[in-house]
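Please look over the sequence and the model below before reading on. The report that follows turns to one residue and its surroundings, and then to the ligand.

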Amino acid sequence: MSKIVVTGGCGYIGSHTIIDLIENGYEVICIDNNSRSHAAALQAVTEITGKSVKHYKIDLCNYDDTYAVFEEHPDISGAIHFAAYKAVGESVENPLLYFDNNLQSLVNLLKCIDEFGVSHFVFSSSCTVYGNPDQIPVTEATPIKRAESPYGSTKQISEQIIQDYARNSAATHILLRYFNPAGAHPSALLGELPLGKPQNLVPAITQTAIGKIDKLLVHGTDYPTRDGSCIRDYIHVCDLAHAHTLALRYLEEEKNKEACEVFNLGTGTGNTVLEAISAFEQASGLPLRYEIGPRRPGDVIAIYANNDRARSVLGWQTRYTLNDIMSTAWTWEQKLRDKKTVFGA
Ligand code: WQD
């Protein structure tokens, strides 16, 4: 059984990915300092899979602590790196925090991968690396433009570091560019846990519907789109998780043509903010209280994926619809309200 280290495994996408890895026969260990996540997420993973996950609550920015994990597990064959700060607004206010944390942790991890001969490395990247694309849908060959935020810059620089490292590394690498992750595990035992007021649309919608937010603010409807609001590619977190398992398997079977390959992970369909709100209302049967506000600085007008490569090369198929995203997210929000989760209050 291959042993995989997942960094940021207590986070939203990381924890869902650990479930998929376990369900596909992998042994998983987790490195997460819980600075932006809840260790309880691994209890939910165990509840869903029946397997426990060893958790090292260390900071990847501490090289010695990171090295010690690999020293204890010299049989780690692959690494999936999620751990990073990802709040766009915070990165604008405090760029050096983002460059320090996101880049130092990546370099420390790559040093350990090199030192211990880990064979495969999968990196959590983002469609944010495309900036405001001139043409949509974007393919992996769409030119990278200036990132709209320091968070986006850390993803661009991280990709460059990995691509440069891959040239002389014995390991093989995949960069996965996520579009807009959303939704919750169908068991309703795990889902998104935004820290503080949610910046992302789907948790903002469900928190409005549950009454934690009085009214959703739609950031602008004066864009050059079919209804004036921004277009995004909302991808269910479980579809995203499964793509990581397929990416690892692709590398293990040595099907990769390059030392570092890139894949877009989106549904291939764009929806506007207003369409997403309607999808929620349809899935929940509830009208949503919202008002139209000004544009949000840094927002990309429209972006969605051409996902042909992930489908044809990785054999990836999305299984969940926008309606599934909204219904699973809504069920999860209600579980949180009723305190029927391992996350307590
Ligand atoms: C989507 C649309 C908002 C909230 C960011 C990062 C990306 C990834 C996902 C980390 C936009 C609108 C939102 C609200 C709104 N992050 N909106 N009212 O900005 O596309 O992507 O989060 O992995 O890398 O860039 O996602 O969900 O914040 O916004 O109108 O209360 O919803 O303006 O048009 P975004 P988002």
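Helices, as the word is used here, are DSSP runs of at least four residues, numbered from the N terminus. The model is a predicted one, and in it Thr341 is found in the segment that comes after helix H11 (322-337).

**Thr341 and its surroundings**

Thr341 has a relative accessible area of 14%, and because buried means under 20%, this residue counts as buried. When its neighbours within four places in sequence are left aside, Thr341 is in contact with Trp332, Lys335 and Leu336. A polar atom of the Thr341 side chain also lies 3.0 Å from the backbone nitrogen of Phe343.

**The ligand and its shell**

There are 20 residues around the ligand, and those that come nearest are Ser126, Leu201, Leu217, Arg232 and Asp299. By class, this shell is made up of 10 nonpolar, 6 polar and 4 charged residues.

Taken alone, the ligand exposes 690 Å², of which the protein buries 90%. Two elements, helix H7 (201-210) and strand S8 (216-219), each give two or more residues to the shell around the ligand, and the largest share, 4 residues, comes from S8.

Terms used
Residues numbered from 1 in each chain as written. Predicted model: local features only at pLDDT ≥ 70, side-chain atom pairs only at ≥ 80, totals over all residues. Heavy atoms only, no water. Near = heavy atom within 4 Å. Areas by Shrake-Rupley, 256 points an atom, 1.4 Å probe, with all protein chains shown as cover. Nonpolar A, V, L, I, M, F, W, Y, C, P; charged D, E, K, R; others polar. Buried < 20%, exposed > 50% of the residue type's maximum accessible area, 1.4 Å probe, protein only. Polar contact = N/O pair within 3.5 Å; in protein donor to acceptor, adjacent residues only side chain to side chain. Contact = heavy atoms within 4.5 Å.
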